[in-house]
Amino acid sequence: MAKFHFKLLPLQRYREQYRDVCRQGLARVLAEDAELLQRREELTAAREGVMAELLQLQNENRLNVDQTVARRFHAAQLTTQIRQLDMQREEVAVRMHVCRQALAKADQEVKVLEQLAEKQELEFRKVLEARESREREEVWQAGQLRVDWQ
């Protein structure tokens, strides 16, 4: 029995590999975003702690100016770092969008080739089935002719 061979199989494999590369790239970007988000949460918690210390210092009877100034400076530094992380996350979000678009396109290209392969294989099976049916009919007719001759 003849076997179906998809002529565009190398192209399909290439596109599947490219899709896998796009998936890996998206995974890296998602991991980077998760890392930045975790770092932001840590800095936010640290800033809240510093602000609580600052509030506690202000509620004391004696005001320690040096400690208050140091806490405010530290809180400002943490706020700046949080803003920097937010900007980095915005850049990562753009890269994530680009990666998702590339992955969607690569996935679509693979699906098109898969559908084409299925369609061609179905056509191949139909032709093969028609040929086998014709051959069986010819064999049957040849058998009938032999019976008639005898």
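## Contacts along the chain

Among the contacts in the protein chain that join residues at least 6 apart in sequence, 88% are between residues at least 24 apart. The structure is a predicted model, and its protein chain has two helices and zero strands. Helix α1 covers residues 9–59, and helix α2 covers residues 65–149.

## Overall dimensions

A compact globule of 150 residues would have a radius of gyration near 15 Å, whereas the protein chain has 35 Å. Along the principal axes, the C-alpha atoms of the protein chain fill a box of roughly 130 × 25 × 15 Å.

## Surface and burial

The accessible surface of the protein chain comes to about 12000 Å², and carbon and sulfur atoms account for 53% of that area. Of the 150 residues in the protein chain, 19% are buried.

## Charges and salt bridges

Side chains of opposite charge can pair when their charged atoms come close. In the protein chain there are 26 positive and 26 negative side chains, and the centres of these two sets lie 2 Å apart.

One of the salt bridges joins Arg 19 and Asp 107, whose closest N and O atoms are 3.3 Å apart.

Another salt bridge is formed by the side chains of Arg 71 and Glu 53, with a distance of 2.5 Å from N to O. Here too the pair links distant parts of the chain, with Arg 71 in helix α2 and Glu 53 in helix α1, 18 residues apart. Arg 71 is partly exposed at 27% relative accessibility, and Glu 53 is also partly exposed, at 35%. Salt bridges that share partners also join Arg 19, Asp 107 and Lys 111 into one network.

The side chains of Asp 20 and Arg 23 meet in a salt bridge with an N to O distance of 3.7 Å. Both residues lie in helix α1, three residues apart, which is about one turn of the helix. Asp 20 is partly exposed, with a relative accessible area of 34%, and Arg 23 is likewise partly exposed, at 42% relative accessibility.

Methods
Residues are numbered from 1 along each chain as its sequence is written. This is a predicted model: local features need pLDDT of at least 70, side-chain atom pairs count only at pLDDT 80 or more; totals for chains, interfaces and linings use all residues. Side-chain values use heavy atoms; hydrogens and water are left out. Helices (H or I, at least four residues) and strands (E, at least two) are DSSP runs, numbered from the N terminus. The radius of gyration is taken over C-alpha atoms; the globule rule is 2.2 Å times the number of residues to the power 0.38. Buried means under 20% relative accessible area, exposed over 50%, partly exposed in between (1.4 Å probe, protein chains only). Contact means heavy atoms within 4.5 Å. Accessible areas come from the Shrake-Rupley method with a 1.4 Å probe; for residues, only the protein chains shown count as cover. Lys and Arg count as positive and Asp and Glu as negative; His and the chain ends are not counted. The place of a charge is taken as NZ of Lys, CZ of Arg, CG of Asp or CD of Glu. A salt bridge is a side-chain nitrogen of Lys or Arg within 4 Å of a carboxyl oxygen of Asp or Glu.
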